[in-house]
Amino acid sequence: MGKEYQIAVLPGDGIGPEVVAEGLKVLKGVAEIESFNYKLTHYPHGSEHYIKTKELFPDSVLNELKQQDAIYLGAIGDPRVEVGLVERAIIAGIRFGLDLYVNLRPIKLLAEHLCPVKDKKPEDIDMVVVRENTEDLYAGIGGFLKKGTPDEVALQEMVFTRKGCERVIRYAFDLAAKRRKKLTLVDKTNAIRAMDIWTRTFAEVGKEYPQVVTDHAYIDAACMWLVKNPEQFDTVVTNNIFGDILTDLGAVLQGGMGIAASGNIHPGQVSMFEPIHGSAPKYKGKGVASPVAAIAACGMMLEYLGEHRAAERIENSIAELLKTQKISSLDSSSGLSTSACGDLIVRQLPEARL
Ligand code: IPM
Ligand code: MN
């Protein structure tokens, strides 16, 4: 047998536990085929746990996560709890606490019929967004003055550091060099002058990668090009908030939130993998949510751990089932329950062409 990976599992809220269960089924299946071992440690943290115990996300758990090889997360968020409280504690807690400075978000169309833009084919939509993940409006620098009065002032600062920009830009250049050798910087330097730090850092780091063609787009135009000419993008690097917004648009190009997956990465250290979708509380427990995004996130986790064949097996299995329309859509109109969809992918694994 091969290596043994230590994997922390945080199913979280809403549909999180249901889709993570399918991801774990696929993990078990692919581990048997590709001969590697893993040990799971489950954590109950999320809104339900918070409501029951008043415990959000203690430092002791964060410290335990540092001992793992990877973290597999479902979704966080519940309307019964104050907006953003648990998300900030757990999702941001992990991203910031483990310094996971890359949020890697592939946008790849696996089957033509899933794309809502007419005449776009899988060869037109195959890019990856490298979203900065530890700074910007998410850094938590802000607050209220005279809250609730007519004189109220609300502030939230965009924080960019030279180190923070440089490391994520370098990651993106490295990735672009392994892909189609084109890197697009997305920002809004025409209006947000502080983003000039991105322009300068991008130009400087770019000198180390003469083989990579560079390009630039303002975020508003990038949204337009992404829909109109997605084929012009290969690797994209951008700041935290624009990356957040751009990748929901990107998710729709590849078929929707039912398929989009992401990795929160600090190269060489424990990293966290999750579907991009949220907890979708209204679908909780109904067995109708698509587990494909969570399963794809499991694939990204295995790629990160170095199990390339396992990752490819998962992606090819998903692609085959989508192309042949055995999984006909990524929402409840597929007629497949969450677990039936997971079972189909497990059964496809041995057949996957590598
Ligand atoms: C995402 C989510 C999070 C974010 C939320 C839940 C805080 O939208 O992972 O894209 O804004 O980063
Ligand atoms: Mn988002």
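1. In what follows, Ala, Val, Leu, Ile, Met, Phe, Trp, Tyr, Cys and Pro count as nonpolar, Asp, Glu, Lys and Arg as charged, and the others, Gly among them, as polar. On that basis, the lining of the largest cavity comprises seven nonpolar, five polar and one charged residues. The structure under discussion is a predicted model.

2. One cavity of 30 Å³ or more is counted, and the volume of the largest cavity is about 60 Å³. Its lining is made up of 13 residues; S290, P291, S334, L336 and C341 are those nearest the centre of the largest cavity.

3. Among the open sites, the largest pocket has a volume of about 1,000 Å³. Its lining numbers 30 residues, and L104, P106, M300, E303 and E315 are the closest to the centre of this pocket. By class, the lining of the largest pocket contains 18 nonpolar, four polar and eight charged residues.

4. Several elements contribute to the largest pocket. At least two lining residues come from each of the strands β4 (102-108), β5 (126-132) and β11 (261-265), and likewise from each of α5 (162-178), α9 (292-305) and α10 (308-323). The greatest contribution to this lining is that of α10, which supplies six residues.

5. For the second largest pocket, the volume is about 600 Å³. A total of 24 residues line this pocket, with E87, I91, R95, R131 and Y138 nearest its centre. Two or more lining residues are given by each of β3 (70-75), α4 (85-97), α8 (240-253) and β12 (271-275). Of the contributing elements, α4 gives the most to the lining of the second largest pocket, namely six residues.

6. The lining of the second largest pocket divides into ten nonpolar, six polar and eight charged residues. Because domain 1 (1-111 + 256-354) and domain 2 (126-253) both provide residues to this lining, the second largest pocket lies between them.

7. A final point concerns the surface. A nonpolar patch is formed there by L145, V153 and L155, whose accessible area together is about 260 Å². Of these residues, L155 is placed in strand β7, which covers residues 153-156.

Terms used. Residues are numbered from 1 along each chain as its sequence is written. Chains are lettered from A and ligands numbered from 1 in the order in which they are written. This is a predicted model: local features need pLDDT of at least 70, side-chain atom pairs count only at pLDDT 80 or more; totals for chains, interfaces and linings use all residues. Side-chain values use heavy atoms; hydrogens and water are left out. Patches are made of residues with over 30% relative accessible area and no salt bridge: like charges are joined within 9 Å, nonpolar side chains (Val, Leu, Ile, Met, Phe, Trp, Tyr) within 5 Å. Accessible areas come from the Shrake-Rupley method with a 1.4 Å probe; for residues, only the protein chains shown count as cover. A salt bridge is a side-chain nitrogen of Lys or Arg within 4 Å of a carboxyl oxygen of Asp or Glu. Helices (H or I, at least four residues) and strands (E, at least two) are DSSP runs, numbered from the N terminus. On a 1 Å grid over the protein atoms alone, a cavity is a set of points where a 1.4 Å probe fits but cannot get out, and a pocket is an open set with protein on both sides within 12 Å along at least five of seven lines; lining residues have an atom within 4 Å of a point. Grid points are joined across faces, edges and corners, and a volume is the space filled by probe spheres set on the points. Domain bounds come from an automatic or database domain assignment.
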